[in-house]
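Hi everyone, thanks for coming. I'd like to walk you through one model today, so please have a look at it with me.

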Amino acid sequence: MEELQFLSRNTKLTNYSVIPNDLHGSEVSSTATILYSKLINRSNLSITNRKVDEFGRVYINYKIEDLAEEMGKSLSAIKENMRELVDAGVIEKKRMRKGRANMIYVKVPSSSIVGKSPVVCTENRPYKGKRAGS
């Protein structure tokens, strides 16, 4: 392990993982939570590299084998943890052809996004019709 240092008032951190506070205390296992954190980190790289689909959503490509090796877990454990994350609604996967890594879409709580523009859906668009009784 590398030399450890105390944090100071001017410390700027790099090479760390982020876990949204909304995930703490959820039904997601600790290993799946760490996996989710790795996927968020990889998403930052995809943002930098402008890896977006036709809808403007950032995606990552991460082979299960690579995740298993990096985390020191079996393929079946990583597959189970990915299933947990899909069931929790924090990731979506799009299958690619055989031999290619799936596209993985990572979702984060809206409150975690700084400087976001609001998404306008049909239910929150301003009403442009005439009022009843006018």
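A word on the ground rules. This is a predicted model, so local features need a pLDDT of at least 70 and side-chain atom pairs count only at pLDDT 80 or more, while totals for chains, interfaces and linings use all residues. Residues are numbered from 1 along each chain as its sequence is written, and side-chain values use heavy atoms, with hydrogens and water left out.

Let's start with the layout. The protein has three helices and three strands; helices here are DSSP runs of H or I with at least four residues, strands are runs of E with at least two, and both are numbered from the N terminus. Reading from the N terminus, the order is α-β-α-α-β-β.

Of the 134 residues, 25% count as buried. By buried I mean under 20% relative accessible area, by exposed over 50%, and by partly exposed anything in between, with a 1.4 Å probe and protein chains only. The protein exposes about 10900 Å², and carbon and sulfur atoms supply 50% of that. Those areas come from the Shrake-Rupley method with a 1.4 Å probe, and for residues only the protein chains shown count as cover. As for contacts, meaning heavy atoms within 4.5 Å: among those between residues at least 6 apart in sequence, 51% join residues at least 24 apart.

Now to the helices. At what angle do α2 and α3 pack? Helix α2, residues 64–71, and helix α3, residues 75–88, pack at about 105°, with their axes 9 Å apart. The axes are lines fitted to C-alpha atoms, for helices over the stretch in contact, and angles run from 0 to 180 degrees between N-to-C directions. The two helices are therefore roughly perpendicular, on a scale where under 35 degrees is roughly parallel, over 145 roughly antiparallel, 65 to 115 roughly perpendicular and the rest oblique. On the α2 side the contact uses Ile 64, Glu 65, Leu 67, Ala 68 and Met 71, and α3 brings Leu 75, Ile 78, Lys 79 and Met 82.

Helix α3 also meets α1: their axes come within 9 Å and cross at roughly 80°. That makes α1 roughly perpendicular to α3.

On to charges. Side chains of opposite charge can pair when their charged atoms come close. Our rule for a salt bridge is a side-chain nitrogen of Lys or Arg within 4 Å of a carboxyl oxygen of Asp or Glu, and the count comes to four. One of them joins Lys 38 and Glu 70, with the closest N and O atoms 3.1 Å apart. This pair links distant parts of the chain, with Lys 38 in helix α1 and Glu 70 in helix α2, 32 residues apart. Lys 38 is partly exposed at 23% relative accessibility, and Glu 70 is partly exposed at 43%.

Another salt bridge brings Asp 53 and Arg 57 together at 2.8 Å, N to O. Asp 53 is buried at 9%, whereas Arg 57 is partly exposed at 37%.

Then there is Arg 83 with Glu 80, at 2.6 Å, N to O. Being three residues apart in helix α3, these two are separated by about one helical turn.

Last, some single residues. Which residue has a positive phi although it is not a glycine? That's Arg 50, at about 55°. Most residues other than glycine have a negative phi. Arg 50 sits in the loop between α1 and β1 and is exposed, at 71%.

Val 58 lies in that loop between α1 and β1 too, and is partly exposed at 25%. Leaving aside neighbours within four places in sequence, its contacts include Ser 43, Ile 47, Ile 104 and Tyr 105.

Finally, Leu 13 is in the segment before α1 and is exposed, at 55%. Together with Leu 7, Tyr 16 and Val 18, Leu 13 makes a nonpolar surface patch of about 430 Å². Patches are built from residues with over 30% relative accessible area and no salt bridge, joining like charges within 9 Å and nonpolar side chains (Val, Leu, Ile, Met, Phe, Trp, Tyr) within 5 Å.
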